[in-house]
Structure formats: C-alpha cells, structure tokens
Amino acid sequence: MSHLRDVENAVGERPDAILEATGHYHNSVVQFLEQNEYRVFVVNPLISQRARKSQLRKLKTDLADARHLADLYYKEEFEPFKRRDVQILNLRHLTRQHEAITTMYVQAKLNFQAILDQVFPLYVGVFSDLYSVTSLKLIQKYRTPTDFFETNPSQIAENIMDMNHRSKSLSWAQNKAELLQTAAANSPTVPLSHHSYHFTLNMMADMLLQYKEHLENIEQEIDTLANNLSECTLLQSIPGIGKKISATVLAEIGDIEQFNSAKKLVAFAGVDPSVFSSGKFKSTENRITKRGSKRLRRALFLAVQCGLRKGANVRLRVFYDRKRVEGKANKVALIACVNKLLHTIFAILSKREAFRQSFSPEITG
C-alpha cells in the first residue's frame, strides 16, 4: 500500500492496477484494490502469454512479467474490472464447491461398490438405490453376509424401519430383510484374513453419508441465494433450466453488463467455432474453441438436453430438428442449440424479461 501511495504522490494521480487472472490467487488482490478505490484491469492469461511469446529472448521473471503487463496496458484497450455482486460471488463459490464435492462423491461411490463386490456381491440389487442412507447404514451395522445371515429377519426389518425413520411400511422392510438373508446365504464368504475389506467398506459408507449431508447443506444454501436473485428466476423461465442449472449459469456469467453482445457471451462459454484457413484452403470441420468456462459449458449442455427432452422447449426442439435435417451430426446440432440458448439467456438477462416460447433471438450459424 505504501508503494502505491508513493506512485500516487510521484505522478499526482491515483495509478491503475493491471494484473493477470491466476486461478483464485488474484481475487484477494482485486478485492483489496477495489476497497481502496483503485481502478483494476484483469488480463486473460492467454493474452499475456501471447505477449511474452512475441519477445525474441526467452525471459521469465516477475519483473519481466510486470513489464509485459505494463506494455499491454498501453497497447491494448482493456475494460476495467467490474465489481461483481457479493451474492453472485457467494453463489459462484457454492456452486463450484458443490461440483468439487460431487466429483469426490462419485469417486467414493465407485470405490464403495468395488469393495462391496468382493465382500457381499449379492447385496447390489436389494435396494433400488444402493447409496441411500438406509442401505449405507445397514452395511455399516452388519458389514458381512454372515452377520446378515445370523441375525433374525425381524430384527433386520426393525433396523431398516428405524434407519429410514419409518417412512416405509413394515411389509416393505420385512421383504428387504428376507432378500438380504437370501443374498447372504448365497454369497461367497470372504476369508477373515481380508478383514481390511470390511474396515474399508465401513469407512467408505461413512464417507458417502458425509458427502450426502454436505451436498444437501450446500444445495440448501444455493437455493436460498438463488431465491433472492431475480436473475435466477428469469433463467428458470426457460424450459429445461431448473434451480441448480440457473444458479450455475448465473454464477459463471456474473454481471451480464460485462458483455456488450451475445457473441461475446458465446465466446466466454467457449462454444464459438474456431477458424482455420490458409491461402485458398478453408477448413470445413471447425471445432469449438473450448477456451471459456467449462462449468458454464457443462451446465448449458445439460440445459439443452433437458429442454429437448419431451419437447419441453418447443423452439429449441424445432431448431435441433432443423439442424439434423440439414445433415448435422447430433453433437453439432447440440452445440448449435447451446449457441441459441446463450443468445436467449443474453436477451433475457439484458432486457430482464421472462422467456416466451414465441420469442426466438436471431443467431448466426
């Protein structure tokens, strides 16, 4: 801070700050500068890297990087960093944490079933949801097929009723108890020397229960934030976009005012086509750039699939069918639908008007 004040005293005005977007590391610096009312410019790493490569000498130091950023400040016309709403920042953090924990949850599921296949293979199929709270707690309590087989069926049924808070009927619980004993009787017994399997299975079941609880808590927080944001309500007016998708889309896009056209939003999502031509050659098979937000891209593809399912989004369904009739492959048609959906999202957030099936913004491609 003292250095910034020295610069300000030397030049007679408050200096601008330019820095490179480096994962999450630059966020605290940006917040500090904003709190002290400095104008901030955040540079895309691709742009700064391109500037470094234009030099003949290969030089990579903090001082050289700072000099490159300073050169960019005078050569390029960057838009000042716009402070995002605190609620949107919180929403972004929560949606990304939800994604991270979901990834760990899926991996834990795979590990759990891999061990269960060796300890109690016939257990799979007894419950419609292998990873339900009742199923996981039951495995924690009994662990081995022998434990299930040697326990009175009525006791197992009673435990099942307690574990699901008696939300199911007693006859349902008794049926599950009989299925478990039959499965236990027909399952191969794992030698006692493999007790580590049972220990690990219990540990994995505990992890899955914790992940489920954490995800439920995060989803509640996301719903609370989303309900207080009118933009989420507007996005949910689009068929195929529910609470979770709308929260993710808004969290990744942020303030729509930072995009002055729908094309820039499409580029931000990374679904704009790359261009390759040389001389008289012009490629006809151009992939999307994928240089934008992969989280936004994933949410949009899911929204398109939900919108196309059972014709929920009539306009999108007609557009998709037309692309298929034109000879476009399924993935190409889906990308075109994502492009169209982004134009719709841009129009809705910019005009702050809910979706109408009769509304169809013009797009290219």
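Predicted model: local features only at pLDDT ≥ 70, side-chain atom pairs only at ≥ 80, totals over all residues.
Nonpolar side chains in soluble globular proteins tend to be buried together. Here, the largest nonpolar core holds 82 residues, and the members that touch the most others are F112 and Y123. Setting aside neighbours within four places in sequence, Y123 is in contact with L116, L130, S135, L138, I139, F148 and L180. There is also a second, separate core, made of six residues, with V30, L33, Y38 and V40 among them.

Next come the aromatic rings. A pair of them is described by how far apart the centres are and by the angle of the planes. The count comes to eleven aromatic pairs. One of these is formed by Y73 and Y74, which sit edge-to-face, with 5.0 Å from centre to centre and 85° between the planes. Y73 is partly exposed, at 26% relative accessible area, while Y74 has 70% relative accessibility and so counts as exposed. Another pair is Y142 with F148: the planes are at 40° and the centres 4.8 Å apart, so this one is tilted. Both partners are tucked away, since Y142 counts as buried at 6% relative accessibility and F148 is buried at 0%. Y142 and F148 also belong to a cluster linked by ring pairs, along with F120, Y123, F127 and W172.

R14 lies over the face of Y38, 4.4 Å from the ring centre, and Y38 is one of the residues of the second core. Elsewhere, the charged end of K340 sits over the ring of F319, at 5.1 Å from its centre.

Helix α2, residues 25–35, shows how a helix can have two sides. Its buried residues include H26, V30, L33 and E34. These cover an arc of only 100° around the axis, which means they are on the same side of α2. In general, an α-helix has 3.6 residues a turn, so residues three or four places apart point the same way. Y25 and Q35, on the other side of α2, are exposed. Among the elements covering the buried residues of α2 are α1 (2–11), β1 (17–20) and β2 (40–43). Two of those buried residues, V30 and L33, are also part of the second core. Just after α2, E37 takes a positive phi of about 60°.

Technical notes:
Residues numbered from 1 in each chain as written. Heavy atoms only, no water. Core = buried A, V, L, I, M, F, W, Y, C linked by side-chain atoms within 4.5 Å. Buried < 20%, exposed > 50% of the residue type's maximum accessible area, 1.4 Å probe, protein only. Contact = heavy atoms within 4.5 Å. Phe/Tyr/Trp six-rings, centres within 6.5 Å; stacked < 30°, edge-to-face > 60°. Lys NZ or Arg CZ within 6 Å of the ring centre and 35° of its normal. Helix = DSSP H or I, 4+ residues; strand = E, 2+ residues; numbered from the N terminus. Arc of directions from axis to C-beta.
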